[in-house]
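Hi there,

Here is the structure I promised to pass on to you. Have a look at it first, and then read my notes below.

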Amino acid sequence: MIHKYSNKGGYSTNTFEKYKLPPSIVATLVSAANHSLAKTTWKSYRTAENHIKRCEKETGIRLRFPFKTKETLTYIGWLLEVRKVTAGTVEKYMSGVRLAHLKAGYLVPALKPDIVKAVIEGAAQSERIEKRLKNTPERLAV
């Protein structure tokens, strides 16, 4: 039987290092945390992390943890403009970026300030309008 979840994921002993817990407890926590997401979700989140490096290379802007609003907007703007992803994909990748921050020991509110929410919602609205326009038949001249 193939399982959707496994103990192989993005969490490691480094994630829990700052808590100074016994190794046996850390091993249990790592395994439990890695079971928190499906294998396909981990794969998607790895893609999001890899895109950070690509974004840096293509924009010339350093994206270092913890992200501030500028880094978050740079990443989202690059995803929309260069990668041409949908708002839903941006949301998924941002979840991956948030998780990458958690794995590195950061809790970062700059990943979802109001301006970021507005950009993602605006991108979703644009997609809906574009889809409606494609589905609207042209009227013939009489």
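Tyr 11 has a relative accessibility of 15%, so Tyr 11 counts as buried, the cut-off being under 20%. Please keep in mind that this is a predicted model. Phe 16 is buried too, with a relative accessible area of 14%.

A search of the whole structure turns up three aromatic pairs. How is such a pair described? By the distance of the ring centres and the angle of the planes. Tyr 11 and Phe 16 make a tilted pair, 6.4 Å centre to centre with 40 degrees between the planes. Phe 65 and Phe 67 also pair, this time edge-to-face, at 5.5 Å centre to centre and 75 degrees between the planes. Phe 67 is buried at 2% relative accessible area, whereas Phe 65, at 28%, counts as partly exposed. Tyr 11 and Phe 16 also belong to one aromatic cluster with Trp 42.

In soluble globular proteins, nonpolar side chains tend to be buried together. The largest nonpolar core here has 22 residues, and Phe 67, Tyr 75, Leu 79 and Val 90 have the most contacts inside it. Helices H2 (39–59), H3 (69–83), H4 (87–103) and H5 (114–135) each supply at least two residues of this core. H4 gives the largest share, five residues. Apart from this core lies another, of nine residues, including Phe 16, Ala 33, Leu 37 and Tyr 45.

What does Leu 79 touch, leaving out residues up to four places away in sequence? The answer is His 51, Lys 84, Val 85, Val 90 and Tyr 93.

Enjoy exploring!

Note on methods:
Residues numbered from 1 in each chain as written. Predicted model: local features only at pLDDT ≥ 70, side-chain atom pairs only at ≥ 80, totals over all residues. Heavy atoms only, no water. Core = buried A, V, L, I, M, F, W, Y, C linked by side-chain atoms within 4.5 Å. Buried < 20%, exposed > 50% of the residue type's maximum accessible area, 1.4 Å probe, protein only. Helix = DSSP H or I, 4+ residues; strand = E, 2+ residues; numbered from the N terminus. Contact = heavy atoms within 4.5 Å. Phe/Tyr/Trp six-rings, centres within 6.5 Å; stacked < 30°, edge-to-face > 60°.
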